[in-house]
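Here are a few notes to go with the model, written for someone opening it for the first time. Take them in order, with the structure beside you.

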Amino acid sequence: MASVDALLGRRPEPRESGYAAHRSGVEQLLRSYRAIPADATVRLAKKTSNLFRARTASNTPRLDVSGLSKVITVDPAACTADVAGMCTYEDLVDATLPYGLAPLVVPQLKTITLGGAVTGLGIESTSFRSGLPHESVLEIDVLTGSGEIVTATPEGEHADLYWGFPNSYGTLGYSTRLKIQLEPVLPYVALRHLRFHDIQTLQSTMDTIVTHREYDGIEVQYLDGVVFSANESYLTLGLQTDEPGPVSDYTGADIFYRSIQHDSDTPKIDRLTIHDYLWRWDTDWFWCSRAFGTQNPTIRRFWPRKYRRSSFYWKLIGLDRKYDIADRLEKRKGNPPRERVVQDVEVPIEHTAGFVAWFLDNIPIEPLWLCPLRLREPAAPGANPARPWPLYPLEPKRTYVNIGFWSSVPIVAGEPEGAANRAIEKKVTDFDGHKSLYSDAYYTEDEFAVLYGGDRYIELKKKYDPETRLLDLYSKAVQRK
């Protein structure tokens, strides 16, 4: 199959092996580890982060990961890539697309790192067929809390770490290299936006598409959705194509999530390049850029295109945290401060309509993002079924829907801290779901243990971080240490 760049009239430039540079980066990392006092907690020195959890400030030296940000090599024949742990998906996609290849799951924001998506949780519109990013990892080199680098594979000596690493958020170690599977892609993605007038019909249609991987006789390779209200919601169905033709551009005046909306029951049709499809949500951080005025046509006209991206909005969020800008403005208006409600949760697909109905009735936030997922099926006939990932135990052969909501709500006087988030956590558990830990969490230690690994996590912690050089998961995710 011809590469994407070849089909678009470009050829990939030859790349030199990156293994020598990678080894240098690993040596730099180990030197920085040894420089951290034995009684100090080991943390990363990162320029970017996609976590919304506040962290306790620390003045101790940090791990130098500056030499671990590159794609080491791409093997187009084997459809694999060796990637340093701090490499962003933006750089990874730039390295693989010239070969007509892409990661099986590409999380929505450009500065999410491969290591971050694996030790945390990433998801996208291929997840209904390709699972989560850690499921396409073939092997991982991990710097453990004990200061040694081990290679973890599904069946090897450190298989327990391979299976336990996802959702550990750096509390078992940090990935220095990951070998991942890639898949062939075509240069364009044809889209169909389906409108629904009730969430129950959307849920049943999504379930059917996930099961059969087609809709109205046409294959579906990408699937996600947006809920604007109880009466207006959409599924977006994507199919790769090499057919040339006009494509839309949502990095300029037009906004992707607004392009989805339409009044007709007939699907709305659109086309993007594969590159622009993968990053369709990054320009406006889904819809969160509206908080900065970027979606106002007048402001957008003068807002430099290079700053229309999630990484720049993160810098604005950092300023808000530092100077408490948003709450100061609310106070001047006579309004109460606001509680941040920034979460991604997974509920079984049969509970999607019920959870969304509860959410719309109780939490004043819209839109909501929907993204179905299933753990990957074994590739070979007769192979063992997918093994559970103990720190985020979704059931094999069961469809879940990721529901994402990212905003804030007014704090009600007299309510406990995090009242809205606590209510959401309870409802997710009631619906047999889980939530990602990249943002605020309020579980008790007992609740947390039941949901996120329990005794299995304790065993892994003792084995790979016996001196507790790294924070434990509860301390990091709930206590914000």
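**Notes on a predicted model**

1. Let's start at E425, which sits in helix α14, a run covering residues 419-430. Keep in mind as you look that this is a predicted model.

2. Is E425 buried or exposed? Its relative accessibility is 4%, and buried means under 20%, so E425 counts as buried.

3. What does E425 touch, leaving aside residues up to four places away in sequence? The list is K435, D440, A441, Y442 and Y443.

4. Now move to helix α3, made up of residues 89-96, where you'll find A95. With a relative accessibility of 1%, A95 counts as buried because the cut-off is under 20%.

5. Besides A95, the buried ones are Y89, E90, L92, V93 and T96.

6. Which elements cover the buried residues of α3? The cover includes four strands, β3 (71-75), β4 (80-84), β5 (101-103) and β8 (173-184). It also includes the helices α4 (114-119) and α9 (274-278).

7. For scale, the C-alpha trace of the chain spans about 65 × 60 × 50 Å along its principal axes.

8. Stepping back to the whole chain, the secondary structure comes to 17 helices and 18 strands. How does the overall size fit the length? A compact globule of 481 residues would have a radius of gyration near 23 Å, and the chain, at 22 Å, agrees with that.

9. Buried residues account for 55% of the 481 in the chain. Take the contacts between residues at least 6 apart in sequence: 75% of them join residues at least 24 apart.

10. Last, the surface and the charges. The accessible surface of the chain is about 21200 Å², and carbon and sulfur atoms contribute 51% of that. The chain carries 57 positive and 63 negative charges, and the mean positions of these two sets lie 6 Å apart.

How values were computed
Residues numbered from 1 in each chain as written. Predicted model: local features only at pLDDT ≥ 70, side-chain atom pairs only at ≥ 80, totals over all residues. Heavy atoms only, no water. Helix = DSSP H or I, 4+ residues; strand = E, 2+ residues; numbered from the N terminus. Buried < 20%, exposed > 50% of the residue type's maximum accessible area, 1.4 Å probe, protein only. Rg over C-alpha atoms; globule rule 2.2 N^0.38 Å. Contact = heavy atoms within 4.5 Å. Areas by Shrake-Rupley, 256 points an atom, 1.4 Å probe, with all protein chains shown as cover. Lys, Arg positive; Asp, Glu negative; His and termini not counted. Charge placed at Lys NZ, Arg CZ, Asp CG, Glu CD.
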